Amino acid sequence: MGSGYSQLSSQHLTKEQLQRVEQKFKRLSGGDGQASIEDILLLPELAGNPLVPRMFELLDDDGDGFLTLQEFIKAIEWFGTIKTADDMYRLAFTLYDLDADGCISAQELFSMLQQLLGKGVGDQQLERVVQATMLQYDTDGDWRLDFREFVALMNRVDLYSKFTFTVC
């Protein structure tokens with residue numbers, strides 16, 4: 001394998017899987033050792049998924065706008081640890097909790113819905129959706145969704161299809 005292989009580490013991937021991931025990453029990054037979000041969106045599994053920019057942001061440890069091979073491996077491992085519905089809910093919660101404070105505010109929900117729905121839905125309509133969502137699922141009335149409240153909301157959504165990712 002390439003010179004970077006001996007430095008790779010993973011708690012969840014075998015040596016053979018690491019080799020396949022490295023090969024895929026080299027093709028994806030054009031061999032320069034960095035993958036942009038545009039490169040990542042070329043993966044058929046992720047093309048058109050509106051959550052990719054947020055996932056990319058969480059995985060780009062140094063915030064330089066690129067994923068290194070080790071950051072890409074971290075992504076593969078992250079998705080590889082999703083085994084249960086609870087794992088999917090925790091990943092989704094992390095994506096929605098933009099400020100990582102342990103709750104999803106109405107503004108965070110609004111921002112994520114904007115990303116998910118794009119320009120097809122106006123801000124006023126989104127505000128009504130957020131307000132209705134908070135009224136229905138924010139059971140303690142603090143205008144923020146904790147993990148339990150978020151799970152109740154997400155039970156209506158097919159999370160599995162949004163968080164499945166095959167590389168190897």
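These legends go with close-up views of a predicted model.

**View 1. Confidence across the protein.** The mean pLDDT (the predictor's confidence in each residue, from 0 to 100) is 85 for the protein, and 86% of the residues score at least 70. Strand β1 (residues 104-105) has the highest confidence, with a mean of 98, while helix α9 (residues 159-162) has the lowest, at 46. Helices (H or I, at least four residues) and strands (E, at least two) are DSSP runs, numbered from the N terminus.

**View 2. Two stretches to treat with care.** Over residues 1-6, pLDDT stays under 50, and the model has ten contacts (heavy atoms within 4.5 Å) for them beyond four places in sequence. Residues 159-165 also stay under 50, with 19 such contacts beyond four places in sequence.

View 3. One cavity of 30 Å³ or more turns up in a search of the whole structure, and the largest cavity has a volume of about 110 Å³. Of its twelve lining residues, Ile40, Leu46, Leu59, Ala75 and Phe79 are the closest to the centre. Both α3 (52-59) and α4 (69-80) give two or more residues to this lining, and the largest share, four residues, comes from α3. A cavity is a set of points on a 1 Å grid over the protein atoms alone where a 1.4 Å probe fits but cannot get out; lining residues have an atom within 4 Å of a point. Grid points are joined across faces, edges and corners, and a volume is the space filled by probe spheres set on the points.

**Notes.** Residues are numbered from 1 along each chain as its sequence is written. Local features need pLDDT of at least 70, side-chain atom pairs count only at pLDDT 80 or more, and totals for chains, interfaces and linings use all residues, while side-chain values use heavy atoms, leaving out hydrogens and water.

Methods: 1 Å grid on protein atoms, 1.4 Å probe; cavity = no way out; pocket = protein on both sides within 12 Å on 5 of 7 lines; lining within 4 Å.
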